[in-house]
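Biologist: Please walk me through a strand and its surroundings. Start with the general idea each time, then the case.

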Amino acid sequence: MGKEWLSPDYIFESSWEVCNKVGGIYTVLSTRAKTLQNAMKDRVFFIGPDCWTDEKSPYFIEDTDLLSEWRENASKGGLHFRIGRWNIPGSPIAILVDFKPYFELKDWIYTRLWELYHVDSLHAYGDYDEASMFSYAAALVVESYYNFYLKNLNKRVVYHGNEWMTGLGLLYIKYKLPKVATLFTTHATSIGRSIAGNNKPLYDYLFAYNGDQMSGELNMQSKHSIEKQTAVNVDCFTTVSDITANECKELLDKPVDFVLPNGFENNFVPKGIQFNNKRKAARKRLIDVANALMGTQLDGDVLIVSTSGRYEFRNKGVDVYIEAMNRLLRDRDLHKTVLAFIEVPGWVGEPRKDLVERLQTGKSYDTPLEVPLITHWLHNMSHDNVLGMLKYLNMWNRKEDKVKLIFLPCYLTGDDGVLNMSYYDLVLGNDLCIYPSYYEPWGYTPLEAVAFKVPCITTDLAGFGLWANSVKGGYSNLIDGVKVIHRTDYNYSEVADAIKDEVANFSNMSEADVKKARANADKLSKKALWSEFIKYYWQAYDFALRKAEERD
């Protein structure tokens, strides 16, 4: 930490994903927490929604003795929350707030938000109200703690909110506690994600899009409005990659103050013999499930590839991945059988009983099960994008096909009923991971893959892909650990061909080159540890604190 920088005495950070595993932001916060906790020693507080009223949260360990005097005082004033530890490395203090009581104040809160900051909440729908009430409650927690413990102590305090869902609270703190420095991180603009998700060309026309106009066209006025006004009014506005920084400038009309790239901790990556044993176990499980499903006798020499992430069919590049595997079927340069997986959570019904029964017998079978493409039945089998595209391309995992593609449509938490292994225990079984994203502000999946020594393919429309190129000083290749493919609004077919060619080339790589690619993947991942990236946060805290001090 630079000596000339102002550093916070206390950090409060809120997100819908604190102790609530939904997506990538959970990974950002939970892996960064240990680094902050080491520096701040229980002076960093993570605030999340109390979504676990009916069952016990696996992510939160309540401690009724921790800060009990303050909690009881706040409770008398009608503010209810639970305090404990986030069950992650570093065990930072976590506060889960009950936001439901504030729904009855919703209209008054939105009116004040309009009067003070011209945020348009009239067109709100979906998760806007829930997020806003949580955001308001989280800000009340910060205000309550500040007034109880810090009011007259002249301490430097930062309140950091993630995504538009924390915007209302950031604006509240800016108004009510001007001495507290506010910092806002957008991990993806709501309007940019919507443009991309609605099959509109985002990048070629980015300079010409008007964010306000597009928010009306795509019925995103309220989310866009709170995000834009938060970006404009906080002390420090940040995002996670250069590609999203450009998006913010064009769609929110506010350049970011800092780019805070997403790091991670690699303490979950096994070492030495344990790594080798886990890799063997993962490969065996994936191959056993595939053989039981398709009635095949694939062996350990098969090339295992996968894609994974949220079910955003176009944004995550699931469509182009399927297209690439379809083209690979006819590629003469492919010298190994490819077992390709799509690990994307769909609308899961139940594990396939016929598949589970086969796996339990431990026998080998020579006939495929019905629909030998999927491990779990879906509620929407006839309207699922993945299954629909496989059917359209006539991909049925026939015996003679050198590329077999299987859809794992469940969260890989270790208890899905078929694989029964967690994502981190399975990912290291891959030979190659493929993430051909169209819209990806950062991209944890490729970063996690290389941490497990699995070379991967991504694009230069992903923040991680751009970062990998910056480390290389040019376009990164598979031998470097990551192949970065150039992707635009319109080169879908070229991207599919490039992926096909890379997989075919990888199937012909010498053992020495594969080893080198795996070692370089591992080396690259070390450059993205939080110990390398946390310095950007200290710069942002300093920037925000200086702005707050100007208001004194």
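Modeller: First, the ground rules. This is a predicted model, where local features need pLDDT of at least 70, side-chain atom pairs count only at pLDDT 80 or more, and totals for chains, interfaces and linings use all residues. Residues are numbered from 1 along each chain as its sequence is written, and side-chain values use heavy atoms, with hydrogens and water left out.

Biologist: Is strand S11 (residues 338-343) mostly covered or mostly open?

Modeller: Buried means under 20% relative accessible area, exposed over 50%, partly exposed in between (1.4 Å probe, protein chains only). Helices (H or I, at least four residues) and strands (E, at least two) are DSSP runs, numbered from the N terminus. S11 is mostly covered, with six of its six residues buried. Val338, Ala340 and Ile342 are buried on one side, and Leu339, Phe341 and Glu343 on the other.

Biologist: Which strands pair with S11?

Modeller: Pairing requires at least two DSSP bridges between two strands. S10 (residues 303-308) runs parallel to S11 over six bridges. Ser308 stands opposite Glu343. S14 (residues 403-408) is also parallel to S11, joined by six bridges. There, Leu339 stands opposite Lys404.

Biologist: How are the helices H11 and H13 packed?

Modeller: Two packed helices are described by the angle between their axes and the distance between the axes. Axes are lines fitted to C-alpha atoms, for helices over the stretch in contact, and angles run from 0 to 180 degrees between N-to-C directions. The axes of H11 and H13 (residues 385-392) come within 11 Å and cross at roughly 30°. So H11 is roughly parallel to H13 (angles under 35 degrees count as such).

Key:
Angles under 35 degrees count as roughly parallel, over 145 as roughly antiparallel, 65 to 115 as roughly perpendicular and the rest as oblique.
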